[in-house]
Amino acid sequence: MDKLALTLESGTYLSGLLTLTIPIAIHLLSKHKGKIVPFAHIALITVKNSPQLNQARLTQWLLLIIRLLMLLVACGILAQLFWNKNANTSADIVLVSNDWLTQSSDAEKQQLFESLNANQSPRLFLIDGLNQPLSQRKLESKAVLAFQGDTSSTTTPLNIWANLAEITKALPKSQKIQLYTTNRLNQFTGQKVTLANPIDWHIKFLPSTSSEPKLAASLAIISDANHQQQLAYIRGALNALTATLPVDIKVEYIDFSALANDLDLAAQQSHIIYLVDTPLPTELDNGAITIINSNQLQDYTQVDFPLILATQLFASQTKQWFSDNARLSNYQITELPTIDLLERQQTSVENGQPLHIWLILILVILFVVERLVSEWPSKHTAQVEGN
Amino acid sequence: MEQFLDPLVLARVKDMPLVAKTVAQGFLHGLHNSVKRGTGIEFSQYRAYEPGDALSNIDWKLFARSDRYFVREAERESNINIWLVLDASASMLQQASHSNEGWNKFDYARHLLATIAYIAHQQGDGLGLLGLSSKNLHFLPALPGKQQWQKCLLQLSDMQAGDVFPDSTIIQNHLAKMHDNAVIFVVSDFYEHNNEIFDFMTSLSSHKTEIVALQLESIDEVTFPYQGHIRFEDRETKQQILVSAKDVRADYLKTREAFNQNLSEHLAANHIQHIQGNIDEPLDKTLHQFLSARQKML
């Protein structure tokens with residue numbers, strides 16, 4: 001896959017190639033070919049195909065070619081031509097997200113499959129593979145049809161943009177990328193990243209669900225004698241919450257002294273409110289359960305304590321719900337910060353070997369040759385003896 | 001005759017009659033022609049009879065009065081028409097490449113003919129003019145007199161060179177008038193495309209006319225001094241050829257020599273005097289050549 005290829009950094013300078021028409025036009029119009037001398041009767045002059053004349057014609061062609069090459073090289077210098085070592089710009093890279101595979105219909109998969117087959121050897125990769133080199137994320141185009149999406153990880157550690165940036169680091173700047181993704185928010189949480197490659201966005205718009213989330217929590221409150229007052233407030237707050245909000249809260253009250261017996265019961269809950277001064281037993285502190293300790297509920301005497309408690313209990317759930325169900329607009333996904341020229345130059349130096357020095361050297365050599373070739377016949381061009 | 005007038009000096013003199021007179025007077029300088037006597041109307045003198053004089057010339061009335069034989073003489077009257085024929089095709093615009101202010105062939109020919117016209121006028125000969133170009137045909141019938149000379153000069157100054165030598169059919173009706181006891185001076189470069197000048201010369205010659213043909217050349221045509229790659233353009237056909245001058249020079253000179261040879265032979269066959277004149281040489285030198293050639297014929 002690694003090939004050497006010439007890549008352009010600033011394609012706009014290629015419009016300079018239009019200047020190639022100038023020497024061609026001059027060559028065609030000038031007729032080069034000697035001064036016009038009016039003569040009384042040219043029937044007396046027999047036309048001869050002399051070697052000198054052929055030489056002059058050859059020189060003219062040579063000059064034309066050299067001048068064209070000079071302009072070409074100059075354009076190359078302006079366009080920042082460089083060797084790219086890992087370029088395979090002929091084929092597109094197709095990236096597809098897990099979520100797209102999960103959400104897309106069979107018809108859409110079929111369409112992707114057909115476009116993959118129609119394309120000249122495009123390469124298909126899964127975009128959400130974390131810390132894997134690109135080659136390990138490769139998918140066969142047939143796999144698209146069978147693939148149902150990897151539903152095990154609902155939130156990706158890196159958003160789509162960051163994944164893209166990670167992948168394009170190893171790619172040439174002109175490599176075209178086709179990206180299939182959905183507009184679900186959880187794929188785009190976090191910072192936008194600047195991307196140099198041209199990206200073809202294929203965004204599947206998921207319908208947004210309008211129903212409210214049903215909040216549920218199973219709660220174990222572990223307390224000791226020192227925190228009875230706080231416990232009473234919490235109990236009251238929970239009662240108030242169940243009475244006013246559409247929440248489903250199951251509460252188990254466990255006394256700290258009986259904790260050893262009820263350890264299994266506590267471990268089954270989603271939240272534990274721990275109102276004890278001694279540290280939490282390690283069996284419960286395994287990360288799966290959200291622990292709320294007494295310090296977090298210091299303000300139990302406040303009027304809005306039920307709200308504080310609700311936030312502690314349901315914040316992560318609402319966040320999860322939001323990131324699953326909120327949708328981004330096309331503009332929000334595809335509009336990325338532009339990169340300035342300086343940054344691009346730096347990246348090009350990292351990715352490829354610049355040819356500036358060589359091109360300038362070639363230009364100088366061409367210039368010298370052009371001077372020599374164009375000056376050489378002028379020694380023989382005196383029109384008339386003694387003039 | 002040693003001190004010729006520099007053509008460049010003459011070229012700067014825009015007054016054609018002045019040039020003609022200056023050159024002609026230089027040419028005639030020192031010639032004191034005795035009065036030509038012969039048969040005519042205007043009386044000149046009596047002279048004593050000498051054996052061999054025709055008896056019809058003796059003035060018998062005078063013999064009756066003086067008892068001597070006298071012969072009555074009159075001033076000779078010229079009955080010769082001088083025809084000036086000028087080729088006004090575009091090729092006559094050729095001039096030497098090194099001089100931009102000098103005369104081209106056409107100017108040179110005009111001044112030469114003006115000078116001849118002046119001399120002819122001085123001699124009392126009739127003067128006619130024919131300017132030949134397919135664009136513009138100038139024709140002036142032969143008549144003697146000063147007015148005719150002035151008309152002739154006017155025509156010569158008005159004449160413009162351009163286009164090609166006209167077809168002989170166009171000139172045909174003018175030619176009939178020229179066959180009558182005439183001396184015809186033809187000035188041309190004799191470059192033709194379809195034998196039109198040869199045809200014209202052939203139709204011009206008859207036993208009553210003497211023809212002197214002056215072939216004008218420029219120094220460039222004679223020596224072909226060009227170098228390098230040159231695109232030659234024909235002045236008449238505008239055809240262009242690209243050649244290396246050095247390579248074609250030898251062939252050109254050879255072809256030119258053959259062309260001159262052919263021209264000479266053709267003219268000789270028609271009893272036409274052929275003279276070559278170089279436009280970079282003084283006008284009076286050519287004139288001298290020209291007129292002495294005419295005298296040779298007589």
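In chain B, six strands build an open sheet with mixed pairing, in the order β5-β4-β3-β6-β7-β10. Strands here are DSSP runs of E with at least two residues, helices are runs of H or I with at least four, and both are numbered from the N terminus; two strands pair if DSSP finds at least two bridges between them. The model is a predicted one, in which local features need pLDDT of at least 70 and side-chain atom pairs count only at pLDDT 80 or more, while totals for chains, interfaces and linings use all residues. Residues are numbered from 1 along each chain as its sequence is written, and chains are lettered from A and ligands numbered from 1 in the order in which they are written.

The edges of the sheet are β5 and β10 (272-278) of chain B, each of which pairs on one side only. On average, and with direction ignored, neighbouring strands are turned by 15° against each other. Angles run from 0 to 180 degrees between N-to-C directions, and axes are lines fitted to C-alpha atoms, for helices over the stretch in contact.

A hairpin of five residues joins β4(B) to β5(B), and L127(B) stands opposite L143(B) in β5(B).

Two helices of chain B lie across strands of this chain. Helix α9 (residues 245-269) of chain B lies across β7 (209-217) and β10, at about 145° to β10(B).

The next subject is the contact between the chains. Here 26 residues of chain A are in contact with 30 residues of chain B, contact requiring C-beta atoms, placed from the backbone, within 7 Å. On the side of chain A, β2 (35-39) and α2 (51-78) are the elements that give two or more residues, and the largest share, five residues, comes from β2(A). β2(A) also pairs in the parallel sense with strand β8 (residues 229-234) of chain B over five bridges, with V37(A) opposite F232(B) in β8(B).

Within chain A, helices α7 (residues 228-244) and α9 (residues 305-325) pack at an angle of about 80°, with their axes 9 Å apart. α7(A) is therefore roughly perpendicular to α9(A), a term that covers angles of 65 to 115 degrees. Y233(A), I234(A), A237(A), A240(A) and L241(A) in α7(A) meet F305(A), P306(A), L309(A) and A310(A) in α9(A).

How values were computed. Angles under 35 degrees count as roughly parallel, over 145 as roughly antiparallel, 65 to 115 as roughly perpendicular and the rest as oblique.
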